[in-house]
Amino acid sequence: MRYGYYPGCSLSHSARAYDVSTKAVASAFGMQFEEIEDWNCCGATEYFSLNLTAAYALVGRNLALAAGQNGFDQIVAPCSACYLNLRKTDYSLGKYPELATTINQALASGGLSYEPGSVKPRHLLDVIYNDLGLETIAAKVTNPLKGLRLAPYYGCLLVRPELGERVDDPEYPTSLDKLLAALGAEVVDFPLKTHCCGGHMTQISAETAYELLRRLLQNASEYKADAIVTICPMCQLNLDAYQGQVNRHFGTQFNIPVLYFTQMMGLAMGMDPKGLGFGQEFVSADGLLEKIGQEPEEKPGARPRRRRDDKSLPMPKVKGEG
Amino acid sequence: MSERVGVYICHCGSNIAGMVDVAQVAEWAKENLEGVVVSRDYKFMCSSLGQELIEEDIRKEGLTRVVVGACSPHLHEKTFRRACANAGLNPYLMQMASLREQISWVSEDKAAATEKSKLAIAAAVKRVQLHEELEASRVPVNPTTLVVGGGIAGIQAALELAEGGHQVYLVEREPSIGGHMAQFDKTFPTLDCSACILTPRMSDVEVAENITLLSYAEVEDVSGFIGNFQVRVRKKARYVKEELCTGCGICEEKCPKKVVDEIFEAGLGYRKAIYRPFPQAVPKYPVIDRENCIYFERGTCKACEKFCPTNAIDFEQQDSFLDLEVGNVILATGFDLFDCTKIPQYGYGRLANVFTNLEFERMCNASGPTEGKIVLRDGVTEPKSVAIVHCVGSRDKRFNPYCSAVCCMAALKFGHLVMEKTDAEVYSFYIDMRPNFKDYEEFYDRLLEEGMHFVRGRVAEITDAARQPGEEGKLIVQVEDTLIGQQRRVPVDMVILMGAMEPRADATEVALKFGISCSMAGWFTERHPKLDPVATMTEGIYIAGVCQGPKDIPASVSQGAAAAARVKSLITTGSVEIEPIVATIHEEFCSGCRICNDLCPFNAIDFDDEKEVSVVNEALCKGCGTCVAACPAGAITGAHFSNEQIYAEIEGLLLDVISGNGSGRVREPELAEA
């Protein structure tokens, strides 16, 4: 399996843990992630609001580079914002031929061109979940994450926009839930899994962002999650780096590590935590690492036998379960 | 060609004339088409004056063929055939061209539509000259009727027929008749008890001499045609001998295996492995659910057999088959509830206190799992606030675009019941309130007065994630209140999802079996949406109740009665006209290969062993043409659809591209002008 790899700016700076754990996991499964040479910024969330054409040209350059280099037909982005921008650009250039002509004029000045549809931008979670598959992943699990309660957090950019085919249910995605369950963890049915982390609001209107972060942290702690597991460096940064400020602002005492799903995969596959970027987080995950393998106080799963005087009503049967 | 053809172009008011230059088409036909001696256009050909016009021309001009360019033959073919017959012309010497459905209604360019109309007329004129005189035959109608589905619509149809002295077979898939109505507690808007009004009808079915009730049975196979259907019914093994069982219920009491009842109790309650869905079940005989029975699983138990006072248990029973002969069929197969887990953000299946409308019906029912008490999933706590979410899976492009028709009224009914039985506040989250029949609006007014809260807006999410004080431990309904233009979070204890009515999961399969069609959604298609709502395009097959589209009890009952009335008139007439459009095998060309024998979907072809040729049974043949196309020797012709007739029709349609034809390229008039 060979893919063009687009790490994006975050993974070379604030989200290095995501980068190293992604590479470690990918190579363990024999996936070849080849970094796009000379890639540039995807424009993040701002540029598309300021100058649409220039933003498309900026992202179009990355697609053109990917298509040109060894003819990648798929490009993997671990960052949800990068993924969305790549996907949106490929989709829009295909849908609006005039835009494609304009962008190609811009690209031509750098000796590049891009044919819409020739490179398929994909998110890392999509590639791992769909191309590897749960069975392959489960087969590599040597240290199941027993005893850990994990809250899967998707954020808004991966599943929400409808650009052609969908990666998961836009309202209630479950791929990360299933992936974490395959690693042996106890997965929290996290109600806010697609709610916004505030994005760059931390820079513009901190109080707005703090409230959004508080909701997520409060809900995760109500569900007694040992960690929030993310798929996006922006979500991770906001929940992790601003947790202290949220606590100061609201007088709360949240202490929830926020980790990347690739870090959890690496742990379950028996890799050394250091090599997966553990220790780089603001809210320490040391306590969580110690907890792995310990028997939980309450044994989940096994439903107690129905007592004679039990008046409770049966829960609805859900298709595809038990 | 010596035929004298009359061409009649209908304006259909402005339906055709608004898009097609009808006068030009009529004139063109007379000038350009061989054999046309009269060509006229008229405002409404189907009016009696229009028909008289044709009749007069046949008599005066000595017409031997008639072409009518008007609507689809589905609508008026009979009318114009009758007009021809009135004037002494064989009705099958008339051909219709569908200028309305296939041209004017679907065109935007008047010139192009006019040119296309000319070709359609040319096709009909060329074809009709090759028509042959045919004589319709009459076949007797078997007075016995098959009703499929024992819900309220099917029950009504069966009773109406039986009361008229006619034999009925009523086939029901479940162990008891009663359908969804038997699951409900109260019915809107009068709030009379559903069981109280339904069970007398059910016992009427049980005692009616003219009704043979086949419960726990399904139709396997249907063949034949109007008046003469052959139906094969599979009677599933009950493992209970009906002739011995007294319905005492001891077996149910003694059975040690308790399972969740997914059908009658909608998953909210339990039943035994041997069970009757409910105490007033008709028939009274229980069935053993083979998948859950301990004996079938492990080979031991037989508690029911040990305790049965009349030795009615029979573990060796097998499915049996009944071959029935019926004249007509009424389908009343009902609906399935939308699977509410398809909208995961509403939490059904995850959040314990989110219920479906069907679950709530069972909860309200005095003989249901909670004996009528309105409680949370724990079975004991009474809710202090209840949210009712409308349009779950209906009026939603992702699932079903249609309105499910009954949910607004059912929601009002639920609101009333909650307030009557508890002190809870009730919130209804609706898109539009649609209480649209007799006494319904008044019921809405009543609930407004009783203090039910109405919030206009489609619910975005139901969550247990508390954000504000007062939300802890509650279910929070997140919604945009579109009347005040604000987002609201309404914390409640219980949520009821008004799931949509959906066609039965196997509706398309059933439609195929009976040779009728379904809408895109899967509802059975009526012959005409306004004027023939219970007939189908297949003669002798009728539909009633929700299988035709979402509707409430009064409408289902009306359709059941209407379908019965349609059947009664056929029974009274005693015979029905059969179209003479059948296949004929020419013995001298038949090699006896028998390929057609197995292909015929109506089993209408037999093999004559003596002559070693295949023979068509004209009473069974539907004129579908399968054998005509398949015969390797070309020994079969389809009356009214001979190769020559079809080729002539195609030739007419291609008139503008056939070179050397005097009429030229009519599709490009501007070219001709230049």
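In the predicted model, 11 residues of domain 2 of chain B are in contact with 19 residues of domain 4 of chain B, two residues being in contact if their C-beta atoms, placed from the backbone, lie within 7 Å. On the side of domain 2 of chain B that touches domain 4 of chain B, 6 residues are nonpolar, 1 is polar and 4 are charged, where Ala, Val, Leu, Ile, Met, Phe, Trp, Tyr, Cys and Pro count as nonpolar, Asp, Glu, Lys and Arg as charged, and the others, Gly among them, as polar. The C-alpha centres of these two domains of chain B are 32 Å apart. Chain B is divided into domain 1 (5-136), domain 2 (144-232 + 321-334 + 504-577), domain 3 (237-318), domain 4 (337-501) and domain 5 (583-638), with bounds that come from an automatic or database domain assignment. Residues are numbered from 1 along each chain as its sequence is written, and chains are lettered from A and ligands numbered from 1 in the order in which they are written. Because the model is predicted, local features need pLDDT of at least 70 and side-chain atom pairs count only at pLDDT 80 or more, whereas totals for chains, interfaces and linings use all residues.

For chain A, the assignment gives domain 1 (2-124) and domain 2 (134-291), and the centres of the two, taken over C-alpha atoms, are separated by 24 Å. Their contact takes 24 residues from domain 1 of chain A and 27 residues from domain 2 of chain A. On the domain 1 side, the elements that give two or more residues are helix H1 (8-12), helix H2 (16-28) and helix H5 (80-95) of chain A, helices (H or I, at least four residues) being DSSP runs numbered from the N terminus. H2(A) gives the most to this side, with 9 residues.

Between the chains, 17 residues of chain A are in contact with 20 residues of chain B, and the chain A side of this contact comprises 8 nonpolar, 2 polar and 7 charged residues.

In helix H17 (residues 643-653) of chain B, the buried residues are Gln645(B), Ala648(B), Glu649(B) and Gly652(B), a residue being buried if 20 or more other C-beta atoms lie within 10 Å of its own, exposed if 12 or fewer, and partly exposed in between. These residues lie on the same side of H17(B) because they cover an arc of only 100° around the axis, the arc being that of the directions from the helix axis to the C-beta atoms. Asn643(B) and Ile650(B), on the other side of H17(B), are exposed, while the buried residues of H17(B) pack against helix H4 (110-128) of chain B.
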